[in-house]
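Me: Could you take me through a protein model feature by feature, giving the general idea before the particular case?

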Amino acid sequence: MKEQNSIPTSKVARATKFVKTGVKIGGNYLKHNVKKMIDPNISRDELHQDNATDIYSSLSEMKGSALKVTQMLSMDKGMLPRAYREKFAMSQYSAPPLSGPLVMKTFRKHFGKSPQELYDTFDINASNAASIGQVHKATKNGKPLAVKVQYPGVSESIGSDLKMIRPIAIAMFGLNENDVDRYMGEVAEKLIEETDYLLELKRSVEISEACAHIDGLFFPKYYADLSCERILTMDWLEGFHLNEFLKTNPSQEIRNKIGQALWDFYDFQIHTLRKVHADPHPGNFLMRKDGTMGIIDFGCIKVINDEFYDNYFALINFDTLDDNDKTTRIFKTLDFITKSDSEKEAIFFTELFKEMIFLLGKPFAVEEFDFADDEYFESVYLYAEKLQNLDELKSSKVARGSQHGLYINRTYFGLYSILNELKAKVTTTRPEWLRSNALKVC
């Protein structure tokens with residue numbers, strides 16, 4: 001893969017890159033419209049492919065916040081056309097890496113030493129590269145290590161990057177402006193945390209130690225003396241990313257074992273720790289043929305406050321939705337319906353979000369769920385498409401849903417997606433209070 005020798009870090013340089021990308025996109029639309037005049041039946045597939053290629057090419061060179069947003073969008077299969085999803089998914093672990101001189105510069109800036117002075121061996125060529133940093137393989141005292149090096153200028157450019165990507169997200173993906181603004185605010189907060197590798201070190205140790213008892217999981221050890229604000233050192237874990245793992249043709253028993261470990265991992269974090277690894281894309285999981293799985297990258301952690309937890313998860317117990325007064329109180333608390341809504345709007349959005357909860361909460365309505373059910377996932381994608389095209393949501397003057405739900409929703413969507421690709425059948429463990437009366441009778 002071609003290396004990058006520099007990254008645009010100033011606001012002017014990054015803004016110029018955005019403008020150039022916009023010009024390319026405009027050219028793609030012009031080309032599509034000319035072809036449309038010749039053949040009115042032509043599809044938008046080529047347009048989507050051209051736009052996706054140009055956007056990814058530009059953002060992957062810029063690194064940082066804008067590329068991270070595309071990574072998150074690629075996980076939301078109901079939001080984007082296939083061409084965008086497939087191209088943006090590359091940002092999970094296949095972005096163009098930084099060149100050796102830039103890596104050396106980062107080490108000398110933060111440690112005053114070259115990586116060769118800190119480790120016994122250090123591979124200057126990155127093993128993989130994502131949106132915020134890239135990973136190098138090293139050794140020390142006979143132990144293989146993974147060294148994550150953050151790209152220059154990422155933390156300083158978060159605010160300006162998100163402002164520049166905002167109109168692209170609204171125009172190209174048909175999103176509501178109010179929802180995007182709330183979404184971007186939450187993303188900015190999490191991205192600032194993700195660029196603090198000392199915070200990630202602390203959280204990585206805390207959560208991996210707390211989850212060490214979960215059967216089938218393993219975690220790296222982290223090394224504080226070889227870590228700083230922009231460099232993080234941990235054990236090198238062997239394993240396959242999801243697509244590679246599936247190519248080994250694992251048995252259904254192994255698929256189920258990994259799927260169960262993944263479900264139990266998230267169940268424990270959310271309901272016991274009240275903080276969760278909120279970046280469940282395939283690049284963060286290393287699967288083995290024996291059915292065990294390594295978990296890495298605790299940079300994106302969502303801490304769940306009590307008020308949000310009590311209200312949000314009460315809705316997973318479908319008995320709650322049978323109580324109209326309780327449901328209305330929760331919907332108001334979570335901003336599904338607002339004080340400014342007319343009676344007609346309140347009824348409309350209440351029914352809309354009830355439908356969403358029944359659909360997305362379906363795995364919790366049974367003791368065991370088969371995530372190989374493609375019909376279920378197709379219904380989820382169709383519902384997401386329905387939401388995207390609803391005039392009532394597009395024209396809404398308020399953002400719907402608590403900002404705290406953004407990363408929790410994305411966490412479950414990412415979890416569901418991985419379990420679907422695994423074709424895993426899992427026991428959907430959860431606290432007893434989240435079991436409906438119907439399940440308790442069974």
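Me: What should I know about the model, and how many helices and strands does the chain have?

Reply: This is a predicted model, in which local features need pLDDT of at least 70 and side-chain atom pairs count only at pLDDT 80 or more, while totals for chains, interfaces and linings use all residues. Residues are numbered from 1 along each chain as its sequence is written, and side-chain values use heavy atoms, with hydrogens and water left out. The chain has 18 helices and 12 strands, where helices (H or I, at least four residues) and strands (E, at least two) are DSSP runs numbered from the N terminus. Of its 442 residues, 53% are buried, buried meaning under 20% relative accessible area, exposed over 50% and partly exposed in between, with a 1.4 Å probe and protein chains only.

Me: How do H13 and H14 lie to each other, and which residues meet?

Reply: Two packed helices are described by the angle between their axes and the distance between the axes. The axes of H13 (residues 324–333) and H14 (residues 343–360) come within 12 Å and cross at roughly 95°, the axes being lines fitted to C-alpha atoms over the stretch in contact, with angles from 0 to 180 degrees between N-to-C directions. H13 and H14 are therefore roughly perpendicular, since angles under 35 degrees count as roughly parallel, over 145 as roughly antiparallel, 65 to 115 as roughly perpendicular and the rest as oblique. Asn324, Thr327 and Phe331 in H13 meet Thr350, Phe353, Lys354 and Ile357 in H14.

Me: Where does Asn141 lie, and what is its phi?

Reply: Most residues other than glycine have a negative phi. Asn141, however, has a positive phi near 55° and lies in the loop between strand E3 (133–140) and strand E4 (143–150); at 67% relative accessibility, Asn141 counts as exposed. Asp297 has a phi near 65°, also a positive value, and lies in the loop between strand E9 (293–295) and strand E10 (301–303).

Technical notes. Contact means heavy atoms within 4.5 Å.
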